[in-house]
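Here is a short report on one protein model. It takes the fold, then the surface and charges, then the confidence.

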Amino acid sequence: MKYLKYLISIAIVVYIFYAFGVDIKKFSIITFSELLSLLIIAFSCISLNALRIYYIFKYQNLRIKYINCLKINMIGSLFDSTLPTSNGGDIVRIGYYINFFKNKNKTKITSISLIDRLFGFFTFF
């Protein structure tokens, strides 16, 4: 069953490359060090966002491990990058956090996510 998931994922990626006419040769101009740098920067951003929301949850006396915040933020970032709006990932994160806390404190979790969004907005200035 585990390998079936991988096979389906690879099939979807191949279909998307074929359907949209993506030229794989264009990816060869990216060096390994550039790719590694991009991955490190992306993971650092996601990690810092997870740390920020971890501390907000901790301040609100909601117990969650940092690794769970990191996992949920990675899932949310996937939806942020694939959905046409940037709010899709936030909605997914809220859903995962509500599910993690077993449908308790829905209003508090939603408020925390909005506060996290505001913190993220003000860090640009």
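The protein has five helices and zero strands; helices (H or I, at least four residues) and strands (E, at least two) are DSSP runs, numbered from the N terminus. From the N terminus on, the order is α-α-α-α-α.

This is a predicted model: local features need pLDDT of at least 70, side-chain atom pairs count only at pLDDT 80 or more, and totals for chains, interfaces and linings use all residues. Residues are numbered from 1 along each chain as its sequence is written, and side-chain values use heavy atoms, with hydrogens and water left out.

The radius of gyration of the protein is 18 Å, while a compact globule of 125 residues would have one near 14 Å. That radius is taken over C-alpha atoms, and the globule rule is 2.2 Å times the number of residues to the power 0.38. The C-alpha trace spans about 50 × 40 × 25 Å along its principal axes.

The protein exposes about 10000 Å², with 70% supplied by carbon and sulfur atoms; the areas come from the Shrake-Rupley method with a 1.4 Å probe, and for residues only the protein chains shown count as cover.

Charges come next. The 15 positive and 5 negative charges have mean positions 16 Å apart. Lys and Arg count as positive, Asp and Glu as negative; His and the chain ends are not counted. Each charge is placed at NZ of Lys, CZ of Arg, CG of Asp or CD of Glu.

Confidence is given as pLDDT, from 0 to 100 for each residue. The mean is 86, and 98% of residues reach 70 or more.

Definitions and conventions:
pLDDT = per-residue confidence, 0-100.
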